Amino acid sequence: MFKKILIANRGEIACRVIKTAQKMGIPTVAVYSEADHRALHVQMADESVLVGPPTVSQSYINIERVVQAALDSGADAVHPGYGFLSENAKFVEALVAHDISFIGPPQNAIEAMGDKITSKKIAIEANVNTVPGHIGLVETAEEAAEIAQGIGFPVMIKASAGGGGKGMRVARSRQDVYEGFESSRNEAANAFGDDRIFIEKFVSRPRHIEIQILFDQHGNGIFLGERECSVQRRNQKVIEEAPSPFLDQSTREAMGNQAVALAKAVNYSSAGTVEFIVDENRDFFFLEMNTRLQVEHPVTELITGIDLVEQMIRIAAGESLPLKQEDVELKGWAIESRLYAEDPYRNFMPSIGRLKRYRPPTEVAAGPMIANKTWHNAPAVGEIAVRNDTGVYEGGDISMHYDPMVAKLCTWAHDRTTALAAMREALDNFEVEGIGHNLPFISAVIDHPDFISGDITTQFIAEHYAEGFTGVDLQKDDLRQTLAACLAMHHTAEVRRTEVSGRLGGHRRRVGDSWVVLAQGEQFALSIKKHNDVFLVTFADGEIYEVVSDWTPGDSLAQASVNDLSIALKVDKMICGFRIRYQGADFPIQILAPRQAELSALMPEKQAPDTSNMLICPMPGLITRIEVAVGQEVQDGQNLCTVEAMKMENILRAERKGIVAKINSSVGDSLAVDEVIMEFEPA
C-alpha cells in the first residue's frame with residue numbers, strides 16, 4: 001500500500017479523498033493556490049504545498065508544479081479528484097516518469113476516452129450504441145454551421161476534451177452555431193487547454209443516465225448500477241439520484257454490460273463512468289466516458305456500500321476487486337443536491353464572498369454504508385442517512401477563480417419517497433449566509449410534481465423555469481403553518497423585549513394578542529394566546545394552530561411543531577417581522593399591531609431606480625471582451641461584452657436599440673455585481 005498520497009485538487013473532492021485516506025491510515029498532502037491558503041482541504045491534510053497563484057493554469061493544472069509538489073513531499077501516489085488534471089494523459093505520463101503512482105486509469109485509456117471523437121469510434125467498434133453526428137474535428141464556425149445543417153438541428157457543439165458542462169452549447173439555428181462555436185472553443189481552451197470542437201445530434205427530451213464501473217489491473221470489471229443525472233442547467237448537473245426512477249432491470253443490465261464492454265476495449269482500470277442519453281422508449285446512446293471519479297459518486301456509494309475512493313486506491317496499488325458482478329446489490333434510494341454559490345433569483349449568476357454562516361444539517365449514517373463500515377462520520381444510525389460532502393467552512397471565502405459548487409448534500413432511505421422527504425428536511429435545515437446560493441431552487445425542484453413522479457429530462461429546468469426562477473409561493477396549509485410559527489416567534493421576542501424594558505423603566509408592558517400579518521401579498525388577521533408551553537394561533541375564519549417551539553430570539557434556525565407537524569424555518573430578523581426560507585419559499589413576513597397596519601397601508605411604495613439605459617454587471621467577474629464602441633448604434637440582442645466568472649463565459653446582450661454613450665470598463669477589469677459597464681442613449 002502507498003506510504004503517502006498527494007491530492008491534486010481542491011475543495012470538497014480533496015476533502016473527500018483525504019477522509020478515505022485517513023480511514024485507511026495513509027498520510028495525505030494537499031496542494032493549494034495563493035487564493036486557497038485558508039481552504040479546508042489544506043487544514044485537513046497532513047501536509048500542504050503551495051503550487052502557485054490563483055489562476056488554475058499557474059497552479060492546479062500546472063503539471064510541472066504539481067509533480068514537483070509530489071516529489072518535494074515524498075508522496076508515492078497522486079489522486080487527481082475530478083476536473084483539473086484528472087483526465088490529463090500528460091500528467092499521468094509525468095508522474096510515471098518519476099515513479100509516482102497515478103490513482104486512476106492508465107494513460108492509454110485516458111487518451112482514448114478523454115477525446116470524445118476517438119471514444120466514439122472505439123464505442124462503435126465495441127458495439128456500444130452511439131449518437132449520430134460528425135466524427136471529426138471542426139476548425140471554423142462556417143464549417144460547423146454546414147455540418148450542423150447536414151446533421152439537422154438541433155445539434156450539440158462539444159469540446160473534445162470537455163467535461164462538467166464546459167465547452168458545450170445547444171444550437172438550434174445557424175446563428176446559434178456561429179455564437180456557440182466560439183464560446184465553446186474559448187471555454188474549452190480556458191478550462192482544459194484544448195479548444196478542439198466536434199458536433200453531434202441533440203436528442204430532444206433525453207434523460208442523462210450514467211453507469212458506474214470498477215476495473216482492477218487484472219482484467220476484472222463490474223458495474224455498480226446507474227445514476228439519474230437529468231436535472232441540469234447549462235449542462236451542469238444539479239440533482240442526481242440512484243437508481244433511476246425510469247430504468248427497468250433489463251435496460252439497466254444492457255447499459256451496464258455495454259459500459260463494461262467499452263472499458264474492456266481500452267484495458268481500463270480504476271473507477272470510471274460511462275454516460276448515456278436515454279430516450280422516452282428506453283433506447284440508449286453512448287455519450288462519453290469519464291475516466292475519473294464522478295462528482296455524483298456519493299449516491300452510488302450510498303446504495304452499494306462501496307467506498308469508491310478506497311477501491312481506486314487499492315486498485316492503483318495492484319489489489320484485485322473484492323467482489324464480482326453477482327455480488328453487487330443495490331439497496332434503497334439515494335439523492336444528491338448540489339449546493340452552488342449562485343443566485344437563482346438573478347438567472348443563477350455566480351456569487352462570491354465570505355460565508356458569514358455555514359451550518360449544514362447534522363450527518364446521519366444508515367443503510368449499506370453502515371453495513372460495510374465505510375461511512376466516515378456516523379453520529380447515529382436510523383432509517384435514513386444524511387451526508388454532506390463539502391470543502392468550505394463558516395468564515396471561509398468563495399472565490400471567483402474556481403467552480404461555484406460549495407457542497408453536495410445527500411440523503412438515503414429504503415425508498416425514493418422517504419429519501420425525498422429526508423432531502424426536504426435536510427435542505428430546510430441547511431444554513432448559508434453571506435453569498436447567493438441555490439438552496440431555495442433545489443427545494444422547489446424537489447417539490448415539483450414532475451420531479452416527484454420521476455417525469456424528468458435534461459430539459460426539466462429549461463421547461464419548468466423558462467423565465468428563470470422567481471421563487472415559489474407556499475400553498476395555503478404550508479403558509480398558515482409558517483405564519484403561526486412566525487407569530488409564536490414574534491410573541492416570544494416581544495415578551496423578552498418588554499421584560500427588558502420593564503426592568504429598565506420599572507414596569508412591564510403587556511404584549512398584545514391581536515396582530516396583522518402580511519405575507520405573499522396577502523393580509524391575515526391573527527390572534528395568539530399561550531397556554532403552558534403551547535401557543536394557540538387563531539385565524540380570522542376560526543382555524544386554530546397549536547405551536548410548540550424552543551426558538552430563542554437571535555436564533556437563525558427555528559424548529560417548531562405546528563399541529564404536531566415538525567418544520568424547520570431559516571430565520572432572518574427584520575423590522576416588524578422575519579425573512580423566512582422554507583420548502584423553496586424565501587419571503588418576508590411582516591407582523592404589525594392593528595394600528596401599525598392601518599398606518600402602513602398609507603405609506604407610499606419605494607420606487608426602484610431606473611437602470612434601463614445601463615448595462616449592469618450581473619455577477620462578479622472578469623471582462624474578457626468588449627464588442628462595441630462609444631457612439632456605436634446597437635440593436636436588440638446584439639453582443640455587447642463577455643464576462644467570465646467561475647470558469648464560464650457569459651455574453652451580455654443589448655435589450656433594445658440604442659447608442660453607446662459611455663463605456664466604464666476595459667478588457668481585463670474585475671467587476672463587482674451591479675457595477676455599471678456601459679451607458680446608453682436613445683437611437
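Residues are numbered from 1 along each chain as its sequence is written, and side-chain values use heavy atoms, with hydrogens and water left out. In this predicted model, local features need pLDDT of at least 70 and side-chain atom pairs count only at pLDDT 80 or more, while totals for chains, interfaces and linings use all residues.

**Stop 1: helices 4, 5 and 6**

Please select residues 89-97, which form helix 4, and then residues 107-114, which form helix 5. Helices (H or I, at least four residues) and strands (E, at least two) are DSSP runs numbered from the N terminus. The axes of helix 4 and helix 5 come within 9 Å and cross at roughly 170°. Axes are lines fitted to C-alpha atoms, for helices over the stretch in contact, and angles run from 0 to 180 degrees between N-to-C directions. Helix 4 and helix 5 are therefore roughly antiparallel; angles under 35 degrees count as roughly parallel, over 145 as roughly antiparallel, 65 to 115 as roughly perpendicular and the rest as oblique. Ala89, Val92 and Glu93 of helix 4 make the contact with Gln107, Ile110 and Glu111 of helix 5, where contact means heavy atoms within 4.5 Å. By class, this contact of helix 4 with helix 5 has three nonpolar, one polar and two charged residues. Here Ala, Val, Leu, Ile, Met, Phe, Trp, Tyr, Cys and Pro count as nonpolar, Asp, Glu, Lys and Arg as charged, and the others, Gly among them, as polar.

Ala112, Met113 and Gly114 in helix 5 meet Lys116, Thr118, Ser119 and Ile122 in helix 6. The contact of helix 5 with helix 6 has three nonpolar, three polar and one charged residues.

**Stop 2: serine 183**

Select serine 183, which is placed in helix 8, residues 174-192. Serine 183 is buried, with a relative accessible area of 3%; buried means under 20% relative accessible area, exposed over 50%, and partly exposed in between (1.4 Å probe, protein chains only). Not counting residues up to four places away in sequence, serine 183 touches Arg169, Glu649 and Ile651.

**Stop 3: alanine 254**

Alanine 254 lies in helix 9, residues 249-265. At 29% relative accessibility, alanine 254 counts as partly exposed.

**Stop 4: helices 13 and 14**

Select residues 416-428 (helix 13) and residues 439-446 (helix 14), which pack at an angle of about 160° with their axes 10 Å apart. Helix 13 and helix 14 are therefore roughly antiparallel to each other. The contact joins Leu420, Met423, Arg424 and Leu427 of helix 13 to Leu439, Ile442, Ser443 and Ile446 of helix 14. The residues of this contact divide into six nonpolar, one polar and one charged.

**Stop 5: the largest nonpolar core**

The largest nonpolar core has 38 residues, and those with the most contacts inside it are Val231, Ile239, Tyr358, Val406 and Phe451. A nonpolar core is a set of buried Ala, Val, Leu, Ile, Met, Phe, Trp, Tyr and Cys residues joined through side-chain atoms within 4.5 Å. Helix 14 gives the most to this core, with six residues.
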